[in-house]
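Please read the following points with the sequence and the model side by side. They are meant for someone meeting this structure for the first time.

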Amino acid sequence: MIEDLEYNTEREHLIIPEYGRHIQKMINHAKTREDKEERNKLAKAIISVMGNLQPHLRDVPDFQHKLWDQLFIMSNFELDADSPYEKPSKELLEERPEPLEYPQNHPKYRFYGNNIKTMIDVAVTWEEGELKEALVYTIANHMKKCFLNWNKDTVEDDVIFDHLFELSKGQINLKNSEEDLTDSSSLMRNRKKHSKNQKSNKKNNRNRKRY
């Protein structure tokens with residue numbers, strides 16, 4: 001009797017384990033049938049059982065299409081049965097996807113973030129005037145805050161102006177500006193105050209009674 005026991009390590013590898021070994025055996029059986037009409041009937045029956053095993057996916061678009069694709073995948077693309085959908089390709093399934101480009105437009109100054117570059121690009125398109133000047137100094141002050149959040153306690157305005165000039169490709173130049181940016185100590189105090197408030201809120205949430 002012990003000799004008849006079947007261990008998982010000795011069993012066939014399950015291509016999609018979520019459906020279990022019985023579904024895999026049903027598919028393997030369908031592959032062996034010589035009559036195509038019989039294979040088609042078995043394939044539809046298997047699809048019905050697979051659908052019952054995945055009731056939470058019934059509202060997913062193309063649910064039936066997904067089931068048929070999974071059927072052919074679990075048959076190792078060896079089941080010769082008619083499908084209401086285009087059969088998946090083994091070559092396409094095994095094809096490696098194209099590497100994704102890292103969404104970073106200015107990796108040299110990553111601590112500013114992509115939003116800063118977007119704001120700079122918008123500011124460049126504005127007409128000269130008070131509104132543009134206000135936007136440019138708002139961007140510069142935010143850059144200074146981002147720089148201080150990075151790993152510094154202070155930074156000269158000239159450094160921010162140089163970075164702004166570079167990121168705007170020379171179209172925004174504050175290097176000769178007589179107006180100073182927000183003082184570093186003020187930005188640091190605001191950061192510490194914000195951090196302190198966050199800790200206080202977390203502590204209050206932990207101490208709040210639950211009913």
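**Notes on the predicted model**

1. Ile-120 counts as buried because its relative accessibility is 0%, where buried means under 20% relative accessible area, exposed over 50%, and partly exposed in between (1.4 Å probe, protein chains only).

2. Residues are numbered from 1 along each chain as its sequence is written, and side-chain values use heavy atoms, with hydrogens and water left out.

3. The protein chain has eight helices and zero strands, these being DSSP runs numbered from the N terminus (helices H or I, at least four residues; strands E, at least two). Of its 211 residues, 29% count as buried.

4. Nine salt bridges are found in the whole structure, each being a side-chain nitrogen of Lys or Arg within 4 Å of a carboxyl oxygen of Asp or Glu. One of them joins Lys-31 to Glu-78, with the closest N and O atoms 2.9 Å apart; Lys-31 lies in helix H1 (residues 20-32) and Glu-78 in the loop between helix H3 (63-74) and helix H4 (90-94), so this pair ties together parts that are 47 residues apart in sequence.

5. A salt bridge also links Asp-80 and Lys-36, at 3.8 Å from N to O. Asp-80 sits in the loop between H3 and H4 and Lys-36 in helix H2, so the pair connects parts 44 residues apart in sequence. Both residues belong to a network of salt bridges that links Lys-36, Arg-39, Asp-80 and Asp-82.

6. Within helix H2, Lys-41 and Glu-37 are four residues apart, which means a separation of about one helical turn, and they form a salt bridge whose closest N and O atoms are 4.0 Å apart. Lys-41 counts as exposed at 57% relative accessibility, and Glu-37 counts as exposed at 52%.

7. Leu-53 is found in helix H2, residues 36-53, and is partly exposed, with a relative accessible area of 43%.

Conventions:
Predicted model: local features only at pLDDT ≥ 70, side-chain atom pairs only at ≥ 80, totals over all residues.
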